[in-house]
Each structure stands twice: as C-alpha cells, then as structure tokens.
Amino acid sequence: MNNRTDILDLRTALAVLREQPGQLVETNVEVDPEAELSGVYRYVGAGGTVMRPTQVDGPAMIFHNVKGHPDASVVIGLLASRARVGNLLGCKKEDLGKLLCECAKNPIQPVVTEDPAPCQEVVHLATDPDFDLFKLIPAPTNTPVDAGPYITMGMCYATHPDTGLSDVTIHRMCIQAKDEISIFLQPGSRHIGAMAERATELNQPLPISVSIGVDPAIEIGSCFEPPTTPLGYNELSIAGAIRQTPVVMHKCVSIEENAIANAEYVIEGEIVPGVKVVEDQNSHTGFAMPEFPGYNGHASNECWLIKVKAVTTRKNPIMQTVIGPSEEHVNLAGIPTEASIYNMIEKALPGKVTNVYAHPSGGGKYMAILQCHKTVHTDEGKQRQAALLAFSAFPELKHVILVDEDVDIFDTRDVLWAMNTRFQGDRDIVTIPGVRCHPLDPSASPEYDPSITDVGISCKTIFDCTVPFHLKDKFQRAQFLEVDYTKWLNG
C-alpha cells in the first residue's frame with residue numbers, strides 16, 4: 001500500500017512505514033518531552049542543519065511512554081527523509097517538486113462533513129476546572145533553552161474576516177499558560193498573519209483551529225507561499241489533488257471554524273485582537289526554539305495570543321512534532337519551494353530547467369540547485385534568467401547554483417564537482433546586493449557588515465556552474481560501458 005491515494009491520515013501513514021524495513025522505530029522506554037525526546041532523535045534521524053553528529057535519512061520514531069502523558073504517544077521525523085516523503089506521497093523522491101507543482105495547478109477543494117469526526121472522540125473544554133494545556137498536549141521542547149513546549153506541526157486554519165476565504169499554514173506556537181498559546185506571525189509573510197491583522201483592524205477575535213497529526217500530504221501542501229499560492233488560496237486543496245480526494249473538515253465544538261476531521265489533536269481558540277506577548281515570558285532565556293538555519297531563534301516580544309477554548313482528540317492520540325533545523329523542515333519547506341520555482345520557470349522558459357532541488361544546507365529555503373538544459377546557442381544566458389525567476393518565485397531564496405543536465409542535483413558531491421570543473425569565480429558569480437531575503441539568516445544584519453541596512457537584507461548570489469554552450473563538446477564526462485551489473489552481484 002503506497003499509492004498516493006491510499007493514505008488519508010497519520011495512522012495510515014504510520015501503518016505504511018511499519019511495512020517498510022528501517023523506516024520506523026517504536027519505543028516504550030520513558031522519555032521526557034522537555035529536551036530529552038528531541039535529544040534522542042537528534043542522533044536517530046534529525047539530519048538537516050542540526051549540529052553534528054546527527055543521522056541523515058534515519059527512521060521516524062514513535063515514543064509510546066511520554067513522561068506526564070500516559071495516554072498519548074509522540075511521533076517525530078515522519079518526513080525527515082526525502083525518500084520517505086516520496087513513499088508517503090506515492091512519488092519518486094526526485095519528482096516531488098514536479099508533483100507538488102502539478103497539484104498546485106489542479107487543486108481539489110476541501111469539504112465539510114457532519115458525520116462524527118475522529119478528532120472529536122474526546123473533548124476537553126476550557127471551562128472545565130481541570131483544563132490545562134501543559135497536561136493535555138505532550139508538546140516537546142527542542143533544547144533546554146527553549147521558551148517552552150512548542151507545537152511545531154500544527155495546521156493552523158482560519159478564515160479571512162472580509163472575504164470568507166480560508167487557508168492553512170504552519171507556525172511556531174508555544175504553550176504559555178493553561179489556556180493560552182503564543183503564535184509567531186511574521187509580519188506580511190503568511191496568510192494567517194494577514195487575517196489576524198485585518199481582524200485586529202475590525203477589533204474582533206480571529207477564530208483559529210490547530211490540527212495536529214494529519215495526512216503528510218496536508219503538511220507538505222500547507223507550506224506553499226506567495227506568489228504560487230496567493231492570499232485566498234486554500235492549500236488544503238493541494239493535499240486534495242495529491243490524494244485525488246477532498247480533505248475532509250468538521251465544525252469545531254467551541255468556535256465558528258472548521259478543523260481537519262481525522263486529526264489526532266485539534267486546538268480550538270481565538271487570536272486576540274491587538275494583544276502581543278513575549279515568547280519567553282516563562283523561561284526568560286532570550287530564545288524561542290532552534291530554527292531551520294541551525295541556530296537558536298531569538299524570542300519574539302511581538303507574538304500574537306491565542307486564547308484556547310477547547311482541545312479535542314482521538315482516543316490515545318499521537319502528537320506529531322519536528323526538530324526545527326532537521327531534515328523534516330527541509331522537506332516541509334523545500335519541496336513546495338521546488339514546486340514554486342519549477343512552476344514559474346516552466347511558464348517563462350519551458351524545457352530549459354529540468355529539475356529543482358532546495359538543498360538541505362539552506363533549510364529548504366536559502367539555496368536552490370537548478371538543472372539546466374541548453375540545446376541551441378541562444379539558450380546561453382537563459383540559465384541565469386532562470387535563476388532570476390527562481391528568486392522571484394521564492395523571495396526568501398538567497399543562493400542559486402546552476403548546473404548542466406549531466407549533473408545529479410541531489411548529489412552534493414556531483415554539484416561541487418561541477419563547481420570545481422565548470423566554474424570560475426571572477427566570471428561565473430552574479431551578485432544582487434541589498435535585496436530582502438530572510439530575517440533568520442544571522443549574516444543578514446548590519447552587525448555582520450555595515451553595508452547591510454536592515455535585518456533580513458542579503459546579497460542574492462548566482463553560481464553559474466554550467467558549461468558555455470559553445471564548449472559543451474569539450475566537457476563530456478567519461479563514458480563507461482553500459483552493463484547489467486546485477487549479474488555480478490547475484491552470481
């Protein structure tokens with residue numbers, strides 16, 4: 001069972017992994033969600049930009065004995081392997097960006113059901129005297145200096161107060177009190193932020209549901225950003241296209257909003273208009289959690305406040321979490337990035353870029369490798385146009401590496417081989433200084449260099465490691481005899 005229409009929830013995804021040797025580890029040894037759980041997985045399969053030593057392409061892991069949460073389990077690393085993502089989405093790992101690109105162009109909108117929802121098998125209302133998010137949600141801390149327990153894989157779903165159009169995105173959320181959660185909404189960057197800002201202008205709360213533990217297709221699809229998915233585009237429709245069936249939603253029990261019907265957990269609440277909170281108000285460490293570039297993120301003093309009204313769950317729910325800088329974030333952010341870049345370039349320069357890879361060293365956001373295809377002399381220079389289009393397709397992109405079609409973009413050694421044999425720094429580097437990129441890049445700061453005027457301003461750079469068209473016949477790789485090598489392995 002690994003067709004892309006077979007999996008519709010987290011439990012089915014885990015059942016698929018159980019059938020695949022080496023893809024899932026389950027343990028009954030007690031683990032503390034405060035830093036210990038992530039500390040364990042750092043060695044098992046985190047990868048990404050996590051400090052070495054760490055394991056790349058390790059298995060996912062389920063902890064069935066979580067300290068303080070006897071009825072719950074925690075899964076981590078579900079998407080921490082690109083091959084595993086391909087398996088769960090029914091696609092070759094090299095073609096994931098193209099699959100997402102096609103699905104974003106052919107969305108299938110979600111539907112709302114009135115049938116009983118698995119996510120509401122157990123209901124906890126905030127009016128209950130023993131309601132306490134710290135006890136209800138086994139949210140881990142990634143490191144000992146985190147601001148608090150973080151919900152890192154919550155599908156945040158809300159509706160624009162004016163248009164009535166809904167959207168889903170992932171944001172970092174920290175449990176702050178028994179019925180309060182902070183949510184970091186980077187100004188002007190994501191759709192939920194625009195909705196919260198408009199609700200504040202109207203002086204009204206914004207109902208929001210947070211669904212945790214869902215179909216991996218929903219998690220990947222929710223990470224698209226403008227311009228591929230502009231305000232008003234519901235990313236749940238991308239998951240619908242992947243699975244060829246609509247995502248099923250259900251009305252929340254305490255707010256006027258919908259949630260993903262087969263989620264493991266749903267947090268229901270309202271973003272309070274105009275109220276901002278300090279993210280580390282309980283820990284006072286100065287840090288939030290480790291972010292995708294591999295450094296501890298600084299605690300924000302401008303987080304929005306979610307006042308929680310209810311938590312609903314399945315029986316014996318499975319909490320899903322992610323280590324911020326891990327390979328899992330690379331895939332969550334990077335595969336939609338690849339789709340967005342490929343989509344824009346294919347429209348403008350059809351056939352000139354055959355594939356795109358958002359490299360793990362950039363956390364899925366900072367670096368893209370483009371596999372370019374030159375067939376006539378007038379194609380020379382189009383590879384650099386493609387790089388400019390990549391920057392437009394994904395504004396947070398900082399570096400683009402261009403290689404020829406004979407280079408495996410998913411093999412860093414092969415890409416660096418191209419850089420070492422098909423690249424001269426004085427003629428093949430193109431720099432575009434003073435452009436807005438991403439504020440979490442620690443080098444994008446006036447402290448790093450006075451020429452940088454504001455945090456988040458970077459020099460976008462193109463590394464053109466393609467062979468000039470007129471020299472292509474002089475850069476042919478050594479050709480080997482094609483044989484069926486398996487005869488010698490099985491004899």
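Strand 22 (429-436) is joined to strand 23 (residues 457-464) by 6 bridges, and the two run antiparallel. Strands (E, at least two residues) and helices (H or I, at least four) are DSSP runs, numbered from the N terminus. Two strands count as paired if DSSP finds at least two bridges between them. Within this pair, Thr 431 stands opposite Thr 461 of strand 23.

The model is predicted: local features need pLDDT of at least 70, side-chain atom pairs count only at pLDDT 80 or more, and totals for chains, interfaces and linings use all residues. Residues are numbered from 1 along each chain as its sequence is written, and side-chain values use heavy atoms, with hydrogens and water left out.

The sheet is open and has 5 strands in the order 19-20-21-23-22. Its pairing is mixed. From one strand to the next, the twist averages 15°. Helix 11 (residues 412-421) packs on the sheet. This helix touches strand 20 (367-372), strand 21 (399-404) and strand 23, where contact means heavy atoms within 4.5 Å. The direction of helix 11 makes about 85° with that of strand 21. Axes are lines fitted to C-alpha atoms, for helices over the stretch in contact, and angles run from 0 to 180 degrees between N-to-C directions.

Ala 387 lies in helix 10 (residues 382-393). Its relative accessibility is 0%, so Ala 387 counts as buried (under 20% relative accessible area, 1.4 Å probe, protein chains only). Leaving aside residues up to four places away in sequence, Ala 387 touches Leu 370, Val 400, Leu 402 and Ile 462. Ala 387 and Ile 401 are 14 residues apart in sequence, with 8.2 Å between their C-alpha atoms.

Conventions:
Buried means under 20% relative accessible area, exposed over 50%, partly exposed in between (1.4 Å probe, protein chains only).
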